Amino acid sequence: MKVKVINSVSRYTEKDIFKYLISIYGDRFEKYRTEWQLSSEGKYLPNFPLCLNYELIDNCNLRCIHCARQVQKSNRGRLGIEIFKKTIDEGERFFLPSIKIGFGEPFLERQIFDMIDYASNHGVMDIIVTTNGTLFGEEEIDKLLNSKITFLRISIDAASEEGYAKVRGGDLSAIEGMVKRLLTKRAERKQQLPLIRLSFVVTQENKHETELFIDKWANIVDFIDFQNYIEPPMPMLENHTDIEPVCSNFFCSYPWQMMAIMGDGDIRACCSWYGERLILGNLKSGTIKEAWESKSMNILRGQIRANTYTGYCAICVTSR
Ligand SMILES: C[S@@+](CC[C@H](N)C(=O)[O-])C[C@H]1O[C@@H](n2cnc3c(N)ncnc32)[C@H](O)[C@@H]1O
Ligand code: SF4
Ligand code: SF4
């Protein structure tokens, strides 16, 4: 199913965007980006994650053919606004600069806009949300534009009705119309945020639509991102105990940058599908700081520094 991915298309450079966000948030944003860069190379370990990656709800209204939800059955439920606030309160004590929201379909969580407001009012500057975009009417479009979301990533994966129906199910013209209304309203309000990125996971089913996708959107949205298809972990991997360690020059920076917070309160070492095997605590009985500084997390960092990947990390790196 994997095919070679063409590049991304962007109306802005990273430099333009950071310059703009620094003009809004000042030196603190610049410091965050410097720390992000250093930690991406393992040269800096912050005393708390620079980003928390949330699953607000373990549920989705679509059944995309490429998504791991089709093979990984789970029932983690909803994180809930009270636990969410608890994590933001903890983050605020360590100047948490960014969050990502993007497991399942986050807009099935009806309190998502209150959660985003809370994060923004408690020091979070960079708020990145990934969505299938199917749940936005006029009211939600206004709420998106009133929110402090910096990046809104809308997953489309197709350029024709037929392709969209095959890959994601549903009505492409509805989602395209919504993206255009969102962009028109943003322009009318003379605001630049949220930046809008459309994404396309390239598979055998849709690879012939990439050029048309670029033609449709390149001059309209802020970014188009073509992504590699990643093979979802098969259920047969469950309880696998004899995975051979793998040597790799790939440097996984996640344990220097972020942690994932799941719908059931689990704190995971990373947001990858294999993170399911890297649970370091739960918010009912522990803190993010404890998980970040735990022995298991430090062992993981040590192995990555030594270019050795064990357990499910070994499968993760070989699947890239
Ligand atoms: C898991 S979804 C969650 C957010 C939201 N439901 C959406 O579709 O954007 C996040 C992103 O992961 C992408 N994704 C899902 N399965 C994938 C796979 N097998 N390989 C690469 N990306 C995948 C989706 O297309 C989407 O852009
Ligand atoms: S909308 Fe997102 S979470 Fe839902 S099935 Fe598609 S890719 Fe997966
Ligand atoms: S499973 Fe391991 S290698 Fe893969 S992203 Fe997570 S920490 Fe990195």
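A residue is taken to be near a molecule or strand if its C-beta atom, placed from the backbone, lies within 6 Å of it. The model examined here is predicted, with local features needing pLDDT of at least 70 and side-chain atom pairs counting only at pLDDT 80 or more, while totals for chains, interfaces and linings use all residues. Residues are numbered from 1 along each chain as its sequence is written, and chains are lettered from A and ligands numbered from 1 in the order in which they are written.

Around ligand 3 stand 13 residues, the closest being Cys252, Cys270, Tyr274, Cys313 and Cys316. Two or more residues of this shell come from each of α9 (254–257) and α12 (311–318), where helices (H or I, at least four residues) and strands (E, at least two) are DSSP runs numbered from the N terminus. The most is given by α12, with four residues. By class, the shell around ligand 3 holds 11 nonpolar, two polar and no charged residues; Ala, Val, Leu, Ile, Met, Phe, Trp, Tyr, Cys and Pro count as nonpolar, Asp, Glu, Lys and Arg as charged, and the others, Gly among them, as polar.

Ligand 1 has 18 residues around it, with Cys67, Thr130, Asn132, Ser155 and Ile230 nearest. This shell divides into eight nonpolar, eight polar and two charged residues, and β4 (126–131) and β6 (195–202) each supply at least two of its members.

The strand β6 also pairs with β5 (151–155), in the parallel sense over five bridges; pairing requires at least two DSSP bridges between two strands. Within this pair, Leu152 stands opposite Ile196 in β6.
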